[in-house]
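Please consult the sequence and the structure shown here.

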Amino acid sequence: MRKALLLAQRAEGKTRPNPMVGALAVKGSRIVGTGYHRRAGEPHAEVVALSEARGWARGATLYITMEPCCHWGRTGPCTEAILAAGIKRVVIGSIDPNPLVSGKGVRELRRTGVKVTMNVLAEEAKKLNEAYYTFMRTGRPFVTMKAALSMDGRIATGRGESHWITGDKARAFVHLLRRRADAVMVGIGTVLADDPQLSVRHGKEVDDEVNPLKVILDSRLRISEDAQVLRHESWKTIVATTNRAPERKIEKLCSMGVQVLTLFSRNGRVNIRALLTELGKRNVQNLLIEGGARVFASFMGDHLVNKAFIFLAPVFLGEGIPLFRGWEARKLKDAPVLTDMKVSRLGRDILCEGYLKQ
């Protein structure tokens, strides 16, 4: 199963909106077939592994990181392929939370005499697709917050300068986070201050194949038509605004291919919960928020952050811009806690990652 999980990870960032899945067919002590789901619309992991195994699959054991599907989508049911191949036993990492499957695949296999073993390395299997699990349960994206801080908790100088607080290795890791995400979100303040591309890059090369959607929170549509985030793949950019936005600006952005979402405002700002619902309708399962301070505060104040990656750089900025602007924990007992925390070193910087318990 560990080998199957490693196989599944090879397609990180490419299977959306499907989960990452890996599979191995084993005959005796020999692996006779391996496979993983490469991208949506292509054969599932089970089918790839069975095709490689060919006749060796009869009487073999199939290890799969997630329950096989039993319905028609872009491809046929994997349960049918398993039965046709003559697999004797199936070992599954985790159940598929998709209501179209969710236990039905296991029942179909057992009903036809296939021995099924469930929940092998279940926690690891679920964590691999944690965004998929959250999305299937709530209909909204799994929200990850990424922030780069100075040692005294500032994300920028008082004048808004933040390029670059962290070093090369930390910035390279951010591109890995973007690769995992279905969408990357920033506020208009970040766009005006930094003019980011919000793309996935390897060195200087942009990887269009895995570029996520770009989401800009802009309640009054202050974004410039020349902003970098609009220049490249404008059709992959969503600008979330309110009824305070000028109609002419909306029409202009739409003519450029930009998706403009006009949502109800909340205290003059875009309603975050309504936006997450809209992103869920667009199959956004994994949302990465990258700033700025008011965006972080909005998500934290509404208890919407699932996971956080906090980079600490060995610099001090004094009276700069804090991580949160407009939110505070009024009592220590009510403060969100970072759990299952891991601490690692990335060059000169420290990375703290964990889940938000609120």
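**Contacts of Ala60**

Apart from neighbours within four places in sequence, Ala60 is in contact with Val26, Lys27, Gly86, Ile87, Lys88 and Arg89. The model is predicted. The points below place this residue and then describe the sheet.

*Setting of Ala60*

- Ala60 belongs to the loop that lies between helix H2 (45–53) and S3.
- The relative accessible area of Ala60 is 1%, so this residue counts as buried, the cut-off being under 20%.
- Arg89, one of the contacts of Ala60, is 29 residues away from Ala60 in sequence, while the C-alpha to C-alpha separation of the two is 6.7 Å.

*The sheet*

- An open sheet is formed by five strands, with the order S2-S1-S3-S4-S5 and mixed pairing.
- Strand S2 (30–36) and strand S5 (115–117) are at the edges and have a single partner strand each, which means that one side of each has no neighbour in the sheet.
- On average, neighbouring strands of this sheet are turned by 20° against each other, direction ignored.

*Pairing of S4 and S5*

- In general, strands of a sheet pair through backbone hydrogen bonds, in either a parallel or an antiparallel manner.
- Strand S4 (residues 89–94) and S5 run parallel and are joined by three bridges.
- Opposite Val91 stands Thr117, which is in S5.

*Helix against the sheet*

- Helix H1 (residues 2–9) lies across strand S1 (22–27), S2 and strand S3 (61–66).
- The direction of H1 is at about 145° to S1.

How values were computed:
Residues are numbered from 1 along each chain as its sequence is written. This is a predicted model: local features need pLDDT of at least 70, side-chain atom pairs count only at pLDDT 80 or more; totals for chains, interfaces and linings use all residues. Side-chain values use heavy atoms; hydrogens and water are left out. Two strands pair if DSSP finds at least two bridges between them. Helices (H or I, at least four residues) and strands (E, at least two) are DSSP runs, numbered from the N terminus. Axes are lines fitted to C-alpha atoms, for helices over the stretch in contact, and angles run from 0 to 180 degrees between N-to-C directions. Contact means heavy atoms within 4.5 Å. Buried means under 20% relative accessible area, exposed over 50%, partly exposed in between (1.4 Å probe, protein chains only).
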